[in-house]
Amino acid sequence: MLDELKSLLPLQEIDKQIFEIKSLIDEIPPKIENIEKLIVEKRNEISALSKEYEKLALQHKEKEMEMGKCEDTLNSLQARLYQVKTNKEYSALQEEIEGMKLKISSLEDEILALLDELDAAREKKEQLRMDIEREISDLEKSRGELIAEQERLEKEIGSLKEKRQDIAAAVPQDILSIYERILEHRGGTALCKVTSKGVCTGCYLSLPPQVVNELMLGNKIIYCEGCGSILYYAEE
Ligand SMILES: [Zn+2]
């Protein structure tokens, strides 16, 4: 094998790791974003539940007030019974009183039904709120784990890059720049082994015997016609 290529082998090994870790890191932010979106949705669910409950509570309050007014009206109607002078007035007033009593009774029914609804809504709200809070705390935990994982991977890349500097220093500059150009272009693989059957392990192209012979001689850098990577041949 060409000596220059020998110095690229450990570099390719470390670059492969760096690219793999980079792609793992790239996957993390969208995951975090997704979790944060879910947390916002969950919080909205909680406030929607509270609003629903408050709406019912307001309805209940309004009915109570309406009933209070009706009771006042009933009281004053009943007080007027003693002041009327004619039978006709009396029976008209009686009719009005009965009507008001009916109204109060139906308001009472409505209020009782609303109270039941309020109880059920309160229970449902509390239950769901607890469920949602639990879901949120699970989501926050996952988010924290992802952030920790991201930090860990970034540290790992940092130390790999330090190691890489020493390894890269051993590679002739011209070869290094060719290698790095291919590395970026091919997403982490610039150096590909050729199998004993003459196949490029980067793109699985069968190389012409002439190319394999040249590789075995190891006199010059040979690129794969299929994927453009730098080829090397090593005995298996
Ligand atoms: Zn290839």
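Of the 236 residues in the protein chain, 10% are buried, a residue being counted as buried if 20 or more other C-beta atoms lie within 10 Å of its own, as exposed if 12 or fewer do, and as partly exposed in between, with C-beta atoms placed from the backbone. The structure is a predicted model, in which local features need a pLDDT of at least 70 and side-chain atom pairs count only at pLDDT 80 or more, whereas totals for chains, interfaces and linings use all residues. Residues are numbered from 1 along each chain as its sequence is written. The pLDDT, which is the predictor's confidence in each residue on a scale from 0 to 100, averages 94 over the protein chain, and 100% of the residues score at least 70. Confidence is lowest in α4, at a mean of 92, and highest in helix α2 (residues 87-169), at 96.

The protein chain has four helices and two strands, where helices (H or I, at least four residues) and strands (E, at least two) are DSSP runs numbered from the N terminus. From the N terminus on, these elements follow the order α-α-α-β-α-β. The radius of gyration of the protein chain is 41 Å, well over the 18 Å that the globule rule gives for 236 residues, so the chain is more spread out than a compact globule; the radius is taken over C-alpha atoms, and the rule is 2.2 Å times the number of residues to the power 0.38. Taken along the principal axes, the box filled by the C-alpha atoms is roughly 130 × 35 × 25 Å. Among contacts between residues at least 6 apart in sequence, 73% join residues at least 24 apart, two residues being in contact if their C-beta atoms, placed from the backbone, lie within 7 Å.

Several positions illustrate the arrangement of the helical part. Ser 105 is found in helix α2 and counts as exposed because it has 12 C-beta neighbours inside 10 Å; its C-alpha atom is separated by 101 Å from that of Met 1, which is 104 residues apart from it along the chain. Glu 110 also lies in helix α2, and with 15 C-beta neighbours inside 10 Å it counts as partly exposed. The C-alpha atoms of Glu 110 and His 60 are separated by 8.7 Å, although these residues are 50 apart along the chain.

Strands β1 and β2 run parallel and are joined by four bridges, two strands being paired if DSSP finds at least two bridges between them. Leu 191 has Ile 230 in β2 as its bridge partner. Ile 230 and Tyr 232 point one way from β2, Leu 231 and Tyr 233 point the other way, and all are buried. When residues up to four places away in sequence are not counted, Ile 230 touches Leu 5, Tyr 179, Ile 182, Ala 190, Leu 191, Ile 221 and Tyr 223.

In helix α4 (residues 209-217), the buried residues are Val 211, Val 212 and Leu 215. These residues cover an arc of only 100° around the axis, which puts them on the same side of α4, the arc being that of the directions from the helix axis to the C-beta atoms. They pack against β1 (191-194) and β2 (230-233), whereas the face of α4 turned away from its buried side carries the exposed residues Pro 209, Gln 210, Asn 213 and Leu 217. Just after α4, Gly 218 takes a positive phi of about 65°. Tyr 204, found in the loop between β1 and α4, likewise has a positive phi of about 65° although it is not a glycine, and this tyrosine is exposed, with 10 other C-beta atoms within 10 Å.
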